[in-house]
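My notes follow in the order I took them.

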Amino acid sequence: MKRKRIAIVATGGTIAGAGEVGRSLEYRAGEISVSEIIESIPNINALAELECHQLFSLDSNEMDPDKWLVLARTINGLLDRDDIDGCVVTHGTDTLDETSYFLNLTISSDKPVVLTGAMRPATATSADGPFNLYQSVALAASAQAVGKGVMALFSSTIYSGRDIEKINNFRVDAFNHKDFGCLGFMQDDDVYFYSRVYRKHTFESVFSEQLPEKLPSVAVAYFCAGADPDILYHLSERNEGIVIAGTGSGNYSEAWLSAINELSSKGIVFVRSSRVNMGIVFDDEIFDPKHLCIASNTLSAQKARVLLMLCLSRTKDLGEIKRIFEEY
Ligand code: SIN
(Lines give C-alpha, C1' and ligand atoms only; values in the text may rest on other atoms or scores of the structure.)
Protein backbone atom coordinates (compact mmCIF):
# COMPACT_ATOMS: atom_id res chain seq x y z
CA MET A 1 0.00 0.00 0.00
CA LYS A 2 1.21 3.52 -0.84
CA ARG A 3 2.65 5.39 2.13
CA LYS A 4 0.45 8.30 3.23
CA ARG A 5 1.80 11.85 3.05
CA ILE A 6 0.71 14.21 5.82
CA ALA A 7 1.27 17.97 5.85
CA ILE A 8 1.99 19.51 9.25
CA VAL A 9 1.03 23.18 9.44
CA ALA A 10 2.55 24.80 12.52
CA THR A 11 1.10 27.94 14.08
CA GLY A 12 2.96 28.04 17.44
CA GLY A 13 1.46 27.51 20.91
CA THR A 14 2.76 25.76 24.02
CA ILE A 15 3.56 22.66 21.98
CA ALA A 16 6.34 24.84 20.52
CA GLY A 17 6.97 26.65 23.81
CA ALA A 18 10.37 27.02 25.48
CA GLY A 19 11.33 28.00 29.01
CA GLU A 20 13.56 26.85 31.86
CA VAL A 21 14.40 23.20 31.19
CA GLY A 22 12.22 20.84 33.22
CA ARG A 23 9.68 23.46 34.34
CA SER A 24 6.15 23.79 32.99
CA LEU A 25 5.56 27.46 33.90
CA GLU A 26 6.99 30.78 32.67
CA TYR A 27 7.72 29.83 29.10
CA ARG A 28 7.12 31.58 25.80
CA ALA A 29 4.75 29.89 23.33
CA GLY A 30 5.73 29.42 19.68
CA GLU A 31 9.54 29.45 20.11
CA ILE A 32 10.54 26.05 18.69
CA SER A 33 10.12 25.05 15.04
CA VAL A 34 7.87 22.14 14.14
CA SER A 35 10.82 20.37 12.44
CA GLU A 36 12.69 20.37 15.77
CA ILE A 37 9.65 18.91 17.55
CA ILE A 38 9.30 16.21 14.86
CA GLU A 39 12.97 15.28 15.27
CA SER A 40 12.35 14.65 18.98
CA ILE A 41 9.53 12.11 18.39
CA PRO A 42 10.64 8.49 18.02
CA ASN A 43 9.15 6.57 15.05
CA ILE A 44 6.90 9.40 13.85
CA ASN A 45 8.34 9.06 10.34
CA ALA A 46 7.20 5.42 10.29
CA LEU A 47 3.56 6.59 10.40
CA ALA A 48 3.65 8.61 7.16
CA GLU A 49 5.81 10.82 5.00
CA LEU A 50 5.75 14.23 6.62
CA GLU A 51 6.13 17.70 5.17
CA CYS A 52 6.34 20.62 7.57
CA HIS A 53 5.02 24.13 6.95
CA GLN A 54 5.90 26.71 9.59
CA LEU A 55 3.01 29.12 8.85
CA PHE A 56 3.07 31.12 12.11
CA SER A 57 5.00 31.03 15.41
CA LEU A 58 2.37 32.52 17.69
CA ASP A 59 0.89 32.36 21.10
CA SER A 60 -2.68 31.50 20.05
CA ASN A 61 -3.92 34.63 21.83
CA GLU A 62 -2.48 36.43 18.77
CA MET A 63 -4.64 34.37 16.39
CA ASP A 64 -7.30 36.49 14.67
CA PRO A 65 -9.86 36.31 11.84
CA ASP A 66 -7.34 37.43 9.18
CA LYS A 67 -4.97 34.63 10.23
CA TRP A 68 -7.86 32.11 10.24
CA LEU A 69 -8.41 32.97 6.58
CA VAL A 70 -4.69 32.53 5.78
CA LEU A 71 -4.69 29.20 7.65
CA ALA A 72 -7.83 27.90 5.89
CA ARG A 73 -6.46 28.91 2.46
CA THR A 74 -3.13 27.21 3.23
CA ILE A 75 -4.79 23.96 4.32
CA ASN A 76 -7.25 23.96 1.39
CA GLY A 77 -4.29 24.48 -0.97
CA LEU A 78 -2.37 21.58 0.57
CA LEU A 79 -5.37 19.22 0.57
CA ASP A 80 -6.07 20.04 -3.10
CA ARG A 81 -2.79 18.31 -3.89
CA ASP A 82 -3.21 14.66 -4.95
CA ASP A 83 -0.10 13.62 -3.03
CA ILE A 84 -1.33 14.95 0.35
CA ASP A 85 -3.61 12.61 2.32
CA GLY A 86 -4.28 14.68 5.42
CA CYS A 87 -3.16 17.61 7.53
CA VAL A 88 -2.15 18.19 11.14
CA VAL A 89 -2.25 21.71 12.59
CA THR A 90 -0.22 22.52 15.71
CA HIS A 91 -1.88 25.32 17.66
CA GLY A 92 -1.97 26.94 21.10
CA THR A 93 -4.66 25.53 23.36
CA ASP A 94 -6.11 28.90 24.42
CA THR A 95 -8.06 29.64 21.22
CA LEU A 96 -7.94 26.20 19.61
CA ASP A 97 -11.72 25.79 20.12
CA GLU A 98 -12.32 28.84 17.87
CA THR A 99 -9.83 27.93 15.12
CA SER A 100 -11.03 24.32 15.02
CA TYR A 101 -14.63 25.44 14.46
CA PHE A 102 -13.58 27.99 11.84
CA LEU A 103 -11.66 25.30 9.93
CA ASN A 104 -14.54 22.83 10.37
CA LEU A 105 -16.70 25.32 8.46
CA THR A 106 -14.18 26.41 5.80
CA ILE A 107 -12.08 23.39 4.78
CA SER A 108 -13.41 22.11 1.48
CA SER A 109 -11.97 18.57 1.54
CA ASP A 110 -13.00 15.28 3.15
CA LYS A 111 -9.32 14.50 3.88
CA PRO A 112 -8.60 14.40 7.63
CA VAL A 113 -7.56 17.62 9.37
CA VAL A 114 -6.44 17.26 13.00
CA LEU A 115 -5.53 20.10 15.39
CA THR A 116 -3.32 19.43 18.36
CA GLY A 117 -1.20 21.24 20.91
CA ALA A 118 0.13 20.85 24.41
CA MET A 119 -0.37 22.08 27.94
CA ARG A 120 3.32 21.77 28.84
CA PRO A 121 6.06 23.47 26.81
CA ALA A 122 8.48 21.40 24.75
CA THR A 123 11.24 22.05 27.35
CA ALA A 124 9.19 20.72 30.34
CA THR A 125 9.64 17.35 31.99
CA SER A 126 6.99 15.01 30.52
CA ALA A 127 6.00 17.46 27.79
CA ASP A 128 2.67 16.27 26.37
CA GLY A 129 3.12 17.77 22.88
CA PRO A 130 5.25 15.05 21.25
CA PHE A 131 2.80 12.23 21.97
CA ASN A 132 -0.20 14.40 20.96
CA LEU A 133 1.58 15.17 17.68
CA TYR A 134 2.49 11.51 17.13
CA GLN A 135 -1.13 10.43 17.59
CA SER A 136 -2.43 13.31 15.44
CA VAL A 137 -0.26 12.20 12.52
CA ALA A 138 -1.54 8.62 12.97
CA LEU A 139 -5.14 9.93 13.04
CA ALA A 140 -4.65 12.14 9.95
CA ALA A 141 -3.19 9.12 8.11
CA SER A 142 -6.06 6.83 9.10
CA ALA A 143 -8.66 5.83 6.47
CA GLN A 144 -11.24 5.87 9.29
CA ALA A 145 -10.76 9.62 9.76
CA VAL A 146 -11.81 10.55 6.19
CA GLY A 147 -15.03 12.62 6.04
CA LYS A 148 -15.26 13.13 9.82
CA GLY A 149 -14.83 16.92 9.66
CA VAL A 150 -12.03 18.83 11.36
CA MET A 151 -10.96 17.06 14.55
CA ALA A 152 -8.69 17.75 17.52
CA LEU A 153 -6.53 15.24 19.36
CA PHE A 154 -5.49 15.60 23.00
CA SER A 155 -4.60 12.97 25.61
CA SER A 156 -5.49 10.06 23.28
CA THR A 157 -9.02 11.48 22.85
CA ILE A 158 -10.52 12.48 19.48
CA TYR A 159 -12.74 15.57 19.61
CA SER A 160 -14.75 17.28 16.88
CA GLY A 161 -13.67 20.77 15.82
CA ARG A 162 -17.25 21.92 16.39
CA ASP A 163 -17.64 20.81 19.97
CA ILE A 164 -14.19 20.80 21.57
CA GLU A 165 -13.75 23.26 24.43
CA LYS A 166 -10.96 23.98 26.87
CA ILE A 167 -12.19 23.26 30.39
CA ASN A 168 -9.02 23.33 32.48
CA ASN A 169 -6.07 25.71 32.51
CA PHE A 170 -3.36 23.50 34.02
CA ARG A 171 -4.21 19.83 33.56
CA VAL A 172 -2.71 17.96 30.61
CA ASP A 173 -6.19 16.53 29.96
CA ALA A 174 -7.59 20.03 29.46
CA PHE A 175 -10.36 19.50 26.91
CA ASN A 176 -13.94 18.34 26.80
CA HIS A 177 -16.70 17.92 24.26
CA LYS A 178 -19.82 19.43 25.89
CA ASP A 179 -22.38 16.76 26.79
CA PHE A 180 -21.44 14.68 23.76
CA GLY A 181 -18.55 12.63 25.13
CA CYS A 182 -16.01 12.55 22.28
CA LEU A 183 -15.67 11.10 18.78
CA GLY A 184 -13.27 8.36 19.84
CA PHE A 185 -10.00 7.35 21.41
CA MET A 186 -6.51 6.32 20.36
CA GLN A 187 -4.12 3.79 21.75
CA ASP A 188 -0.65 4.52 20.39
CA ASP A 189 -1.33 4.80 16.63
CA ASP A 190 -4.58 2.76 16.65
CA VAL A 191 -7.78 4.74 16.05
CA TYR A 192 -11.18 3.87 17.61
CA PHE A 193 -14.21 5.95 16.60
CA TYR A 194 -17.45 5.63 18.60
CA SER A 195 -19.61 8.54 17.46
CA ARG A 196 -19.90 11.11 14.69
CA VAL A 197 -20.97 14.70 14.15
CA TYR A 198 -24.39 15.29 12.60
CA ARG A 199 -23.92 19.03 12.01
CA LYS A 200 -22.70 20.14 8.55
CA HIS A 201 -18.95 20.53 8.16
CA THR A 202 -16.03 20.83 5.70
CA PHE A 203 -17.04 19.67 2.18
CA GLU A 204 -20.78 19.93 3.11
CA SER A 205 -20.39 23.47 4.44
CA VAL A 206 -21.60 26.34 2.29
CA PHE A 207 -18.75 28.43 3.74
CA SER A 208 -16.09 26.13 2.29
CA GLU A 209 -17.20 26.90 -1.29
CA GLN A 210 -15.51 30.30 -1.30
CA LEU A 211 -13.69 32.09 1.49
CA PRO A 212 -14.42 35.81 1.95
CA GLU A 213 -11.56 38.30 1.51
CA LYS A 214 -12.26 39.64 5.03
CA LEU A 215 -14.55 38.61 7.89
CA PRO A 216 -17.06 41.12 9.28
CA SER A 217 -16.46 42.26 12.88
CA VAL A 218 -18.52 40.51 15.54
CA ALA A 219 -18.11 41.11 19.29
CA VAL A 220 -18.98 39.08 22.39
CA ALA A 221 -20.73 40.86 25.30
CA TYR A 222 -20.67 39.07 28.66
CA PHE A 223 -23.73 39.66 30.82
CA CYS A 224 -23.44 39.65 34.62
CA ALA A 225 -25.78 40.88 37.36
CA GLY A 226 -26.33 44.62 36.94
CA ALA A 227 -24.23 44.84 33.73
CA ASP A 228 -24.54 48.27 32.09
CA PRO A 229 -26.19 48.04 28.63
CA ASP A 230 -23.88 50.86 27.46
CA ILE A 231 -21.40 48.17 26.43
CA LEU A 232 -23.87 47.07 23.71
CA TYR A 233 -24.16 50.61 22.29
CA HIS A 234 -20.38 50.94 22.35
CA LEU A 235 -19.84 47.60 20.58
CA SER A 236 -22.50 48.41 17.99
CA GLU A 237 -20.35 51.32 16.74
CA ARG A 238 -17.68 49.00 15.35
CA ASN A 239 -19.36 45.61 14.89
CA GLU A 240 -22.00 44.20 12.56
CA GLY A 241 -23.01 41.54 15.05
CA ILE A 242 -22.92 40.97 18.82
CA VAL A 243 -23.01 37.60 20.58
CA ILE A 244 -24.43 37.85 24.09
CA ALA A 245 -22.92 35.44 26.62
CA GLY A 246 -26.03 35.49 28.79
CA THR A 247 -26.87 33.71 32.02
CA GLY A 248 -28.73 30.38 32.17
CA SER A 249 -30.53 29.78 28.88
CA GLY A 250 -29.01 32.88 27.22
CA ASN A 251 -30.73 35.41 29.51
CA TYR A 252 -30.14 39.06 30.51
CA SER A 253 -31.83 42.01 32.19
CA GLU A 254 -34.70 44.14 30.82
CA ALA A 255 -32.21 46.97 30.28
CA TRP A 256 -30.19 44.72 27.94
CA LEU A 257 -33.39 43.57 26.20
CA SER A 258 -34.31 47.23 25.47
CA ALA A 259 -30.82 47.90 24.07
CA ILE A 260 -30.99 44.74 21.93
CA ASN A 261 -34.41 45.75 20.55
CA GLU A 262 -33.19 49.25 19.71
CA LEU A 263 -29.89 48.16 18.13
CA SER A 264 -31.55 45.32 16.16
CA SER A 265 -33.80 47.91 14.51
CA LYS A 266 -30.56 49.67 13.40
CA GLY A 267 -29.26 46.48 11.72
CA ILE A 268 -27.05 44.92 14.41
CA VAL A 269 -27.46 41.13 14.38
CA PHE A 270 -27.61 39.51 17.85
CA VAL A 271 -26.98 35.94 18.95
CA ARG A 272 -28.00 34.71 22.41
CA SER A 273 -25.56 32.20 23.90
CA SER A 274 -24.93 31.19 27.49
CA ARG A 275 -22.05 31.64 29.90
CA VAL A 276 -23.10 28.18 31.25
CA ASN A 277 -21.01 25.77 29.22
CA MET A 278 -23.41 22.80 29.23
CA GLY A 279 -26.93 22.88 27.84
CA ILE A 280 -28.71 24.37 24.84
CA VAL A 281 -29.92 27.90 24.07
CA PHE A 282 -33.24 27.87 22.23
CA ASP A 283 -35.51 30.70 20.99
CA ASP A 284 -37.17 32.33 24.00
CA GLU A 285 -40.48 34.20 24.38
CA ILE A 286 -39.48 36.00 27.58
CA PHE A 287 -35.93 37.16 26.85
CA ASP A 288 -36.49 37.70 23.13
CA PRO A 289 -40.24 38.32 22.67
CA LYS A 290 -39.79 39.90 19.21
CA HIS A 291 -37.58 37.01 18.05
CA LEU A 292 -34.79 39.36 17.03
CA CYS A 293 -31.94 37.22 18.36
CA ILE A 294 -30.55 34.01 16.96
CA ALA A 295 -30.22 31.17 19.48
CA SER A 296 -26.68 29.77 19.66
CA ASN A 297 -27.94 26.24 20.28
CA THR A 298 -24.98 24.29 21.78
CA LEU A 299 -22.31 26.72 20.56
CA SER A 300 -20.30 28.66 23.13
CA ALA A 301 -20.22 32.45 22.71
CA GLN A 302 -16.82 32.35 20.98
CA LYS A 303 -17.88 29.59 18.59
CA ALA A 304 -21.19 31.38 17.87
CA ARG A 305 -19.08 34.44 16.98
CA VAL A 306 -17.15 32.37 14.41
CA LEU A 307 -20.38 31.17 12.77
CA LEU A 308 -21.98 34.64 12.86
CA MET A 309 -18.91 36.17 11.17
CA LEU A 310 -19.14 33.64 8.36
CA CYS A 311 -22.93 34.13 8.07
CA LEU A 312 -22.58 37.93 7.89
CA SER A 313 -19.99 37.56 5.13
CA ARG A 314 -22.86 36.17 3.00
CA THR A 315 -26.17 37.57 4.27
CA LYS A 316 -27.87 39.82 6.84
CA ASP A 317 -31.17 37.95 6.51
CA LEU A 318 -32.16 36.86 10.05
CA GLY A 319 -34.27 33.92 8.86
CA GLU A 320 -31.38 32.59 6.77
CA ILE A 321 -28.89 33.04 9.63
CA LYS A 322 -31.28 31.24 12.03
CA ARG A 323 -31.52 28.33 9.59
CA ILE A 324 -27.72 28.15 9.34
CA PHE A 325 -27.39 28.10 13.14
CA GLU A 326 -29.75 25.09 13.21
CA GLU A 327 -27.68 23.21 10.60
CA TYR A 328 -24.10 23.92 11.62
C1 SIN B 1 -1.34 29.38 23.47
O2 SIN B 1 -2.56 29.20 23.39
O3 SIN B 1 -0.65 29.67 22.47
C4 SIN B 1 -0.66 29.30 24.78
C5 SIN B 1 -1.27 28.30 25.68
C6 SIN B 1 -1.20 26.88 25.17
O7 SIN B 1 -0.86 26.57 24.04
O8 SIN B 1 -1.51 25.99 26.02
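I began with the second largest pocket, which holds about 240 Å³ of space. The model is predicted, so I read its values as computed from that prediction. I looked up the lining next and found 22 residues. Nearest the centre of this pocket lie Ser274, Arg275, Val276, Asn277 and Ser300. I then checked which elements supply the lining. Strand S13 (218–222) gives at least two residues to the second largest pocket, and helix H8 (301–312) also gives at least two. By class, I noted nine nonpolar, ten polar and three charged residues in this lining.

I moved on to the largest pocket. Its volume is about 340 Å³. The lining of the largest pocket is made of 18 residues, and the closest to the centre are Thr14, Ser24, Tyr27, Met119 and Asn169. I sorted that lining by class as well: five residues are nonpolar, eight are polar and five are charged.

My last entry is on Ser136. I located Ser136 in helix H5, which spans residues 129–140. Is Ser136 buried or exposed? I found a relative accessible area of 0% for Ser136. Buried means under 20%, so Ser136 counts as buried. Which residues does Ser136 touch, leaving aside neighbours within four places in sequence? I listed contacts with Val88, Val114, Thr116 and Leu153.

Note on methods: Residues are numbered from 1 along each chain as its sequence is written. This is a predicted model: local features need pLDDT of at least 70, side-chain atom pairs count only at pLDDT 80 or more; totals for chains, interfaces and linings use all residues. Side-chain values use heavy atoms; hydrogens and water are left out. On a 1 Å grid over the protein atoms alone, a cavity is a set of points where a 1.4 Å probe fits but cannot get out, and a pocket is an open set with protein on both sides within 12 Å along at least five of seven lines; lining residues have an atom within 4 Å of a point. Grid points are joined across faces, edges and corners, and a volume is the space filled by probe spheres set on the points. Ala, Val, Leu, Ile, Met, Phe, Trp, Tyr, Cys and Pro count as nonpolar, Asp, Glu, Lys and Arg as charged, and the others, Gly among them, as polar. Helices (H or I, at least four residues) and strands (E, at least two) are DSSP runs, numbered from the N terminus. Buried means under 20% relative accessible area, exposed over 50%, partly exposed in between (1.4 Å probe, protein chains only). Contact means heavy atoms within 4.5 Å.
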